[in-house]
Every structure is written in C-alpha cells, then in structure tokens.
Amino acid sequence: MRIAISWCAALMIGAIANAQALEITALSERLYLHQSEKEVEGFGKVSANGLVLVDGDEAFVVDTPWTDADAEALLAWATAKGLTVKAVLATHWHEDRAGSFGVFEKAGIATLSSDATQTLLKAHQKTPATETFSGDHTRYFGNKVEVFYPGAGHAMDNLVVYLPGEQLLFGGCLVREASSRSMGFYGDGSLPHWPESMSRVIAKFPEVNTVVPGHGAWGGRELLEHTRMLAEAALKAQ
Ligand SMILES: [Zn+2]
C-alpha cells in the first residue's frame with residue numbers, strides 16, 4: 001500500500017514537471033541541452049534550446065529557460081546534481097534567451113550579455129544583465145566558453161557560443177535547424193546581413209563538429225551552410 005502511494009506521488013511530481021516542460025538531455029559527460037517551451041502567438045507552442053556546461057562542481061548556462069518556473073526547475077536540477085551555477089549568458093535580448101535573468105540574479109548568479117544586448121534589454125524594459133562585455137569576442141568559464149558576435153541576422157545582437165572542449169557551436173537563433181525552410185521571425189534583426197554573418201561564423205570556427213540551433217534539432221557543421229543558403233534564398237525571394 002505504501003509503495004502504491006509513493007508511486008502515485010512520483011507520478012504527480014512528473015505531471016508538475018511536465019507542466020513546466022523543462023527538459024534536460026545529456027549531450028556528453030559535461031554538457032547538457034536544456035529545452036523549455038512557451039505558447040507564442042501565431043506560432044503555437046515553441047521549444048527553445050540552451051546549454052549547461054559543467055566543469056567539476058561548477059556550471060555555466062548558455063541562455064535562460066523561457067519562463068521563471070523553468071529557470072527555477074533548472075536551478076533545482078543543478079542543486080540536486082551538486083552543481084554551483086556560476087553564470088548564465090544570454091545570446092540575444094529576446095525572452096527565450098534572457099527571459100528568466102531575474103531568477104538567476106535573485107539566486108546570486110552572474111547574468112551576462114554583450115553591451116548591445118544590454119542596451120536592447122533596457123530599451124524594452126526587460127531585466128538587464130548584471131555584467132556585460134564590449135567588443136565582438138570574449139571568453140568565460142576558464143576559457144571553456146568562447147563568445148562571438150558575427151553580425152546581425154535573427155536579431156541585431158545575436159551571439160554564437162563555441163565550446164572548444166566539445167568542438168560544439170551553439171548558434172542560438174542565428175542558426176536554423178536542418179528541417180527548417182524559412183528564416184523564422186527576424187523583425188528585430190536584419191535579413192540582408194544574415195548571409196555575411198553566417199560566413200563569419202563558418203570562417204571563425206573551422207573545427208566545429210556539432211551545431212546546436214536556438215530551436216529544434218542539433219546537427220553537424222552543415223547547419224551553418226544550410227542557414228547561409230536559406231538566408232540567401234530568402235533575400236532573393238524578397
Ligand atoms: Zn530571438
């Protein structure tokens with residue numbers, strides 16, 4: 001009887017976790033993909049990708065989960081694994097990247113962005129970062145995280161993040177998944193600059209093996225060329 005009750009409790013916890021919709025998948029021993037969902041007007045339920053890189057008992061998060069509830073779930077997951085989250089970086093100012101900065105800040109975690117992202121966060125009355133960097137390139141987390149601004153595309157401030165130890169590039173919303181045949185929403189970005197920005201990413205990180213887009217399935221290096229060609233085609237079709 002007691003066993004039946006605890007199973008029931010476990011199922012209820014599962015149901016609550018599903019309502020939050022945060023999913024965490026191990027990509028390697030020290031790297032996790034976090035995926036959160038939100039209902040977006042005109043698009044339905046949209047899932048967004050972010051990363052958690054682990055070094056010993058410390059973790060670095062790339063992009064916040066979409067909602068505060070999912071950010072809290074991510075921090076609870078880290079605590080349960082004995083990890084201290086050192087920082088979270090937003091790859092641009094939109095809600096699926098920086099939307100739960102406040103939860104991280106309240107937990108005493110550094111929230112990071114570029115100066116350009118910070119300006120946009122403030123202009124749109126969003127929670128700003130606690131620390132910013134200037135220029136188009138920086139490193140964090142003992143040089144295990146390399147951040148690069150290749151130029152505009154999905155957003156004017158979109159960054160990509162290279163993890164040299166994993167030969168993995170997090171493309172954020174600048175990179176489209178393999179099944180995508182469109183550029184998605186770029187009302188805050190610049191389609192004319194997008195192909196050139198992709199060329200800069202391709203030239204900057206020739207050793208990339210794995211590419212994680214901001215939404216959808218991860219893949220290989222070919223996602224970079226795929227996105228460049230999609231952007232060129234979208235420009236021609238205009
Ligand atoms: Zn965006």
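This is a predicted model: local features need pLDDT of at least 70, side-chain atom pairs count only at pLDDT 80 or more; totals for chains, interfaces and linings use all residues.
## Overall form

The protein chain contains seven helices and 13 strands. Its radius of gyration is 18 Å, close to the 18 Å that the globule rule gives for 238 residues, so the chain is as compact as a globular protein of that length. Along the principal axes, the C-alpha atoms fill a box of roughly 65 × 35 × 35 Å.

Of the 238 residues in the protein chain, 47% are buried. When contacts between residues at least 6 apart in sequence are considered, 59% of them join residues at least 24 apart.

## Surface and charge

The accessible surface of the protein chain comes to about 11400 Å². Carbon and sulfur atoms account for 54% of that surface.

Among the side chains of the protein chain, 19 are positive and 28 are negative. The centres of these two sets lie 2 Å apart.

## Buried loop residues: Thr 91 and Asp 63

Thr 91 is located in the loop between strand 5 (84-89) and helix 3 (95-98). With a relative accessible area of 1%, Thr 91 is buried. Leaving aside residues up to four places away in sequence, Thr 91 touches Val 62, Asp 63, Arg 97, Asp 157, Asn 158, Leu 159, Val 161, Phe 170 and Gly 172.

Asp 63, one of the residues that Thr 91 touches, lies in the loop between strand 4 (58-62) and helix 2 (68-80). Asp 63 is buried, with a relative accessible area of 0%. The backbone of Asp 63 has a phi near 70 degrees, a positive value in a residue other than glycine.

## The loop containing Tyr 149

Tyr 149 belongs to the loop between strand 9 (145-148) and strand 10 (160-163). Its relative accessibility of 27% places Tyr 149 in the partly exposed category. The C-alpha atoms of Tyr 149 and His 137 are separated by 6.4 Å, and the two residues are 12 apart along the chain.

Excluding residues up to four places away in sequence, Tyr 149 touches Asp 136, Met 156, Asp 157, Asn 158 and Leu 159.

Gln 167 is situated in the loop between strand 10 and strand 11 (168-172). Although Gln 167 is not a glycine, its phi is positive, at about 50 degrees. Gln 167 counts as partly exposed, with 31% relative accessibility.

Pro 206 is in another loop, between helix 6 (194-204) and strand 12 (210-213). At 55% relative accessibility, Pro 206 counts as exposed, because that category requires a value over 50%. Pro 206 and Gln 167 are 39 residues apart in sequence, and their C-alpha atoms are 9.6 Å apart in space.

Ser 179 occupies the loop between strand 11 and helix 6. Its relative accessible area is 54%, and Ser 179 is exposed. From C-alpha to C-alpha, Ser 179 and Ala 217 are 8.4 Å apart, with a sequence separation of 38 residues.

Lys 81 is found in the loop between helix 2 and strand 5. With a relative accessible area of 43%, Lys 81 is partly exposed. Lys 81 and Asp 57 are 24 residues apart in sequence, and the distance between their C-alpha atoms is 8.6 Å.

Notes:
Residues are numbered from 1 along each chain as its sequence is written. Side-chain values use heavy atoms; hydrogens and water are left out. Helices (H or I, at least four residues) and strands (E, at least two) are DSSP runs, numbered from the N terminus. The radius of gyration is taken over C-alpha atoms; the globule rule is 2.2 Å times the number of residues to the power 0.38. Buried means under 20% relative accessible area, exposed over 50%, partly exposed in between (1.4 Å probe, protein chains only). Contact means heavy atoms within 4.5 Å. Accessible areas come from the Shrake-Rupley method with a 1.4 Å probe; for residues, only the protein chains shown count as cover. Lys and Arg count as positive and Asp and Glu as negative; His and the chain ends are not counted. The place of a charge is taken as NZ of Lys, CZ of Arg, CG of Asp or CD of Glu.
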